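Colleague: I would like to learn how to read the packing of helices, the order of strands and a few local features in a model like this one. Could you take me through them one at a time?

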Amino acid sequence: MLSTTSRILKITFLGLLSLILLVLLGTYLLLRASLPQLDGQQSLPDLQQEVTVTRDESGMAVFTAQNRLDLARAVGFVHGQERFFQMDLLRRNSAGELSALFGEAAVNRDKEIRLHRFRDRAERILATMPEEHQKIIQAYTEGVNQGLEQLGARSFEYYLLSLEPAKWQPADTMLTLYSMYLDLQHHDGRRDFSLSLMKAHLPADLYAFLHPEGSQWDAPIDDSLRSTSPLPSSGWPSSNNQQLVMLDNQPEDRTIGSNNWAVGGALSPYQAGILADDMHLGLRVPNIWFKAQFNWQQHGQAHQVTGVTLPGTPLMVVGSNGKLAWGFTNSYGDWSDLIRLKLNEAGDQYLTPAGYQPFDYVSQQINIKGAPTQTIQVKETIWGPVVSEDEDGTPLALRWVAHDNQGANLNLIGLELAENVEQGADVGATAGMPAQNLMMADSQGNIGWTISGPMPIRYGFDGRYIADWSDGSAGWSGYRSAEDYPKVINPTEHRLWTANSRVVGGDMYDKIGDGGYALGARNQQIRDGLRNKDRFNEQDLLDIQLDDRAVFLTPWRDFMLSSVLPGSHHPQKALVKEALQNWTARASEHDLGYLLVRQFRLNLRDKVYQDLNRLMLEHSGRFNFNAVRNQMEAPLWQMVSEQPAHLIPSDFDSWQELFNAALTDSLAKLDADFGDWRTLTWGQFNAVDIRHPLSAFVPLLGNLTDMPKELLAGDSFMPRVAQSSSGASQRLVVAPGHEDKAIFHMPSSQAGHPLSPYFGVGHEAWRSGQRTGLLPGPARYNLTLQPIGG
């Protein structure tokens, strides 16, 4: 009897094991079927001439075509096979269509974004675009869909979501650009709203103190300095809101941004300029960029450009064409405005310079996976959609460059053929994209900076605050012409730099405005690094990109040793002091002292500004401290250094009590999150946490798709911006004409498929700073795309 039972159990076990193995085998085969085609031949309808696509061991794609249209189709084919799910997220993000993928969890986000009607705007812009650009987008679109059709199975994400991928449409390329707007600029006027609220409810001297014109960290390229504000005589206004406002305890500089700089030919070994560029974004698997080289013929000439593309578009976003190299940082100029509407008595019309007008209402249907479709009404004015309300319920409309035809186009493609910085600046002035600091270097040794993207012309008001445009005395009078754009070409010191903070002063600053510049600490460290040498090669500029010295936090470390710890009664005070005394003055993987200083400062900052947050949130729940905090380092340092009694936060009786609480809470938080803080290092706290978008929601998926969780050096407020899931989405150092000496890093992976032979290749070099090249290595994979019947 026992023997029979044993046999039954054994058979059952073997059956279950076989079933598990069959499921695993089926899953593996399904995943294999969705791998992109890397070798062989593939016929494509409407392809005019043969295109070759080779890939090296890192997966870098080299396209060789006889014309730009065939090149666009081939790029679309490869993007569609390698990165379609990523492209799908980008288009749905800006179209407000994520609910169709993720169900009711995404409905509120979709409703918020639908106010901008980006899909309608994309369709409108396509119809007015030059025919040449329409053809390129159409060829790219067809290539994407041809790539999808040729996959043996849909990608694993769609199996997990139980959906079929929807075909790519020409408008989706413009929606990809709009998704970058949503990443790089506020879409709801939150900064204007929050500054206006502060200005309205704080004493004038306190407001001026908290919103200074400049700081000791400023480092513009024209050395134009703007002063901080003196300590105010006013204290924090009292508030009936005594609720503890929990802030995010994150650094001010943890925003979408970038670094770039250039040195002229007089300082390089080639007599060519050298460009360095690292764009900072949230990091995922796969990486947002796709590394590629384009080779094609145009007007009887051969052209080559190497760099990174943005899947969803046929453009080379950053790179070098052998004569000109270019890169971007987010400008943080002022590209939108909130308008306070004056309503008639019935509230159904608003006042304009032409009199009262009724609102326009546009229906938007939101398709929701697993739930009924919802319909919302977008309320629009002649200036833009109504996006929120003032504290008293008055509607606020948003005027934003992204809403106009100038906001999105394909003109950036002109950089592929630009031969010098002057031509590059002309292209930038017509490019429809989120306004960027465009940094350039050319093979003749010239360097240049300008703004790339549309620049509105304001009149009659300060663009930092909500304004009334109803009588015609304030508004926008159009967009600046290329001749009116700010630019600096070949400065006398042969150096240019930007890092999301204020770049210039005077008239050029007035044209750009202030949309929330980053504190200048990164900018200053880069500037000083450039001024410390008289000659540069690519490694010298990479060294600046990897500079993790704690210049910004050094005064805070000294402050803790001199002013905080002597008055502290914390039982672990001696251990804290030892860690601070032994710190490396870097955001090093193995440094404990850096971690303690960083977390203390953030905790202290949030406590100092508790009263401000309470007061503002009492007046409106829409107040957003994160949108206005970037320049608050100057007043924070002034307060803790001078310790004025009338500015002690209301939760504390003395500054020393505040310092003690910040120290105690920061240590306790580290203990709660990680265990014993004494065993921690900055690298452990900052460990790589780069994931696939679905891995947090699908058990065990992360084991297949996510990057290894390893120690990570770098932080905000230094050139080596590196935080666990955000930071440099690429690093590029290149002298045009000398691309064989160029340096390139990219986190995560070129591949979107976890079974790809080059999945994760290059990530370790990005993490550790190992030097790797820009140009493709030897071809490992060879694919030929042929015309039908070719």
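Colleague: Is the crossing of helix 15 and helix 16 left-handed or right-handed?

Modeller: Before I answer, please keep in mind that this is a predicted model, in which local features need pLDDT of at least 70 and side-chain atom pairs count only at pLDDT 80 or more, whereas totals for chains, interfaces and linings use all residues. Residues are numbered from 1 along each chain as its sequence is written, and side-chain values use heavy atoms, with hydrogens and water left out. Helices (H or I, at least four residues) and strands (E, at least two) are DSSP runs, numbered from the N terminus. A crossing is called left-handed if the near helix is turned anticlockwise from the far one by less than a right angle, and right-handed if it is turned clockwise. In this case, helix 15 and helix 16 cross in the left-handed sense.

Colleague: At what angle do helix 15 and helix 16 pack, and how far apart are their axes?

Modeller: Two packed helices are described by the angle between their axes and the distance between the axes. Axes are lines fitted to C-alpha atoms, for helices over the stretch in contact, and angles run from 0 to 180 degrees between N-to-C directions. For helix 15 and helix 16 (residues 573–581), the angle is about 145° and the axes are 11 Å apart. Taking contact to mean heavy atoms within 4.5 Å, Arg557, Met560 and Leu561 of helix 15 meet Lys577, Leu580 and Gln581 of helix 16. Sorted by class, this contact of helix 15 with helix 16 has three nonpolar, one polar and two charged residues, where Ala, Val, Leu, Ile, Met, Phe, Trp, Tyr, Cys and Pro count as nonpolar, Asp, Glu, Lys and Arg as charged, and the others, Gly among them, as polar.

Colleague: Why are helix 15 and helix 19 described as roughly parallel to each other?

Modeller: Angles under 35 degrees count as roughly parallel, over 145 as roughly antiparallel, 65 to 115 as roughly perpendicular and the rest as oblique. Helix 15 (residues 554–564) and helix 19 (residues 633–642) pack at about 20°, with their axes 12 Å apart, and they are therefore roughly parallel. Helix 15 passes helix 19 in a left-handed crossing. Pro555, Trp556 and Phe559 in helix 15 meet Glu633, Leu636, Trp637 and Val640 in helix 19, and the residues of that contact divide into six nonpolar, no polar and one charged.

Colleague: Which residues in helix 17 and helix 20 meet?

Modeller: I would begin with the geometry: the axes of helix 17 (residues 592–608) and helix 20 (residues 655–674) come within 8 Å and cross at roughly 125°, so the two are oblique to each other, and the crossing is right-handed. The residues that meet include Leu595, Phe600 and Lys607 in helix 17 and Trp655, Phe659 and Asp665 in helix 20. By class, the contact of helix 17 with helix 20 has 13 nonpolar, three polar and two charged residues.

Colleague: What is the order of the open sheet of three strands?

Modeller: Two strands pair if DSSP finds at least two bridges between them. The order in this sheet is 10-16-15, with antiparallel pairing. Strand 10 (336–340) and strand 15 (386–389) stand at the edges with a single partner strand each, so one side of each has no neighbour in the sheet. Neighbouring strands here are turned by 35° against each other on average, direction ignored. Strand 15 is joined to strand 16 (residues 395–400) by three bridges, and Glu389 stands opposite Pro395 in strand 16. Helix 9 (residues 190–201) packs on this sheet, touching strand 10, strand 15 and strand 16, and its direction makes about 55° with that of strand 10.

Colleague: How many strands form the open sheet with mixed pairing?

Modeller: Eleven strands form that sheet, in the order 1-27-2-3-6-7-8-9-17-18-21. Its edge strands are strand 1 (40–44) and strand 21 (487–489), each pairing on one side only.

Colleague: Where are Pro286 and Asn490 found?

Modeller: Most residues other than glycine have a negative phi, and most peptide bonds are trans. Pro286 lies in the loop between strand 5 (274–282) and strand 6 (290–298), and a cis peptide bond, with omega about -5°, joins Val285 to Pro286. Asn490 is in the loop between strand 21 and strand 22 (495–498), and its phi is positive, near 50°.
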